[in-house]
Amino acid sequence: MRFTLNGVATNVDAHPMSRLLDVVREECQLTGTKEGCGEGECGACTVLVDGDPVCSCLVPLAQVEGAEVVTIEGLGDDHPLQHAFMNEVGAQCGICTPGMIMAALSLEPDASIDDIKVALSGNLCRCTGYSAIYRAIMKARQP
Amino acid sequence: MRTAISGLDLRRATSVDDALRMLADEARTPIAGATDFYVALNFGTLAPRRFVDIWGIDDLRGIDVRHDVLVMGALTTYTDIIRSPLVAERLPMLIDAARQIGGPQIQNRGTIAGNVANGSPAADAVPVFAAADAVVVLRSIRQERRVPITQFYTAYRTSVMRADELIVAVEVPRVDGKQWFRKVGTRAAQAISKIVAAGVRGASPKFALGSVAPTVVRAYATERALASGTPIEQAALTLTREIAPIDDVRSTADYRGQVAQRLLRRFWSETN
């Protein structure tokens, strides 16, 4: 199965119904994407497929053939959102953080706090109470 | 993950005809955004073993108005609905429902045909379709037929859809009256409904509920009561005779019975 993973042409030999999550973590060895609930409720496994955030635990590998997949590793380690999450303590245990950041990537530059809440409504965090996460995203958007 | 995927067989359809031929050849379950199937896959409760992937069939996408009917392709996602000016103009209660289904990740993948075909009595889009007199377009290699959503389900997760049929579209005629939608769950996002309702306040009022019976319910007797000027309190009592809620993990029959009446009163006062 051929697709683009973080800008790199990738060819994976796996069952077409493999979860994209398992392919990314096990076949491609990119463990930044986390498994939380495994049922599309928590958003921890969020990746971008052709630019749209999706739960990779609910995506059959076959459906990303030819698609552009971006995981948290695709941001490198110097992205403004990553710095803001660290500086504002938007991460505590850290399991939800990659998914939160991937979901936040879809926000428009002029997004309001309400827009941020909607964009992140598919991502659960059990540590922070969300305020630090929203603050981090607001800060990351300031020039 | 509790299901061994090695025993599963997936074939990918490249066109509607391709999919219909596969469905005619042998029993296969169509799979689109997979937001329900992959939950079952993870839980180890996935019953079907052979699938046909229809996600790549672009002919099943798109929202259009033809002959004054809103036609939504089977693979219309909730995100497509939220962004559609045609849906905003003609069926705004469907946008209200779409915004409350899962979160953005689910809205990007979940489809209207999946919501209909999955057959859950808690499906959030289905009460909207029922209140709007929507029609499900079913196609097989032999024929195409149109089934009103109110006649689509025959029992819990059971419908009139035949094994060789595919949902290709959902059609919604012009809706006459003020539209209303309300979902009651534990939180605004990512919650399965305890109870969900949609209504249309027009010359003949329409009211449909989810999570109160084995299938989505269109409350015809209640509608007739409202249309004939019956006081709302009395209409609400009629409603309790049209539903059969149960106790389950999300709520109780008693709660659902009381809230169903409250939703009817809210519908009536908020659309006045």
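Guide: In chain A, five strands make up an open sheet with mixed pairing, in the order E2-E1-E5-E3-E4. Strands (E, at least two residues) and helices (H or I, at least four) are DSSP runs numbered from the N terminus, and two strands pair if DSSP finds at least two bridges between them. The model is predicted: local features need pLDDT of at least 70 and side-chain atom pairs count only at pLDDT 80 or more, while totals for chains, interfaces and linings use all residues. Residues are numbered from 1 along each chain as its sequence is written, and chains are lettered from A and ligands numbered from 1 in the order in which they are written.

The edges of the sheet are strand E2 (8-11) and E4 of chain A, each of which pairs on one side only. On average, neighbouring strands are turned by 40° against each other, direction ignored; axes here are lines fitted to C-alpha atoms, for helices over the stretch in contact, and angles run from 0 to 180 degrees between N-to-C directions.

Within E4(A), Asp52(A) is the residue opposite Val49(A). Strands of a sheet pair through backbone hydrogen bonds, either parallel or antiparallel.

Two helices belong to this picture. Helix H3 (residues 97-104) of chain A lies across E3 and E4 of chain A, at about 35° to E3(A). Helix H1 (residues 20-27) of chain A has Leu20(A), Leu21(A), Asp22(A), Val23(A) and Val24(A) as its buried residues. A residue is buried if 20 or more other C-beta atoms lie within 10 Å of its own, exposed if 12 or fewer, and partly exposed in between, with C-beta atoms placed from the backbone. Those buried residues of H1(A) pack against strand E3 (46-49) of chain A. Just after H1(A), Gln29(A) has a positive phi of about 60°.

E4 also matters to the contact between the chains. That contact takes 26 residues from chain A and 22 residues from chain B, where two residues are in contact if their C-beta atoms, placed from the backbone, lie within 7 Å. On the side of chain A that touches chain B, strand E4 (residues 52-55) gives the most, with four residues. This side of chain A has 12 nonpolar, 10 polar and four charged residues. Here Ala, Val, Leu, Ile, Met, Phe, Trp, Tyr, Cys and Pro count as nonpolar, Asp, Glu, Lys and Arg as charged, and the others, Gly among them, as polar.

Strand E6 (residues 135-139) of chain B is mostly covered, with five of its five residues buried. Val135(B), Val137(B) and Arg139(B) lie on one side, and Val136(B) and Leu138(B) on the other. In a regular strand the side chains alternate between the two faces of the sheet.

E6(B) is joined by five bridges to strand E7 (residues 144-148) of chain B, and the two run antiparallel. They form a hairpin with four residues between them, and Val137(B) stands opposite Arg146(B) in E7(B). Five bridges also join E6(B) to strand E10 (residues 166-173) of chain B, again antiparallel, with Arg139(B) opposite Leu166(B).
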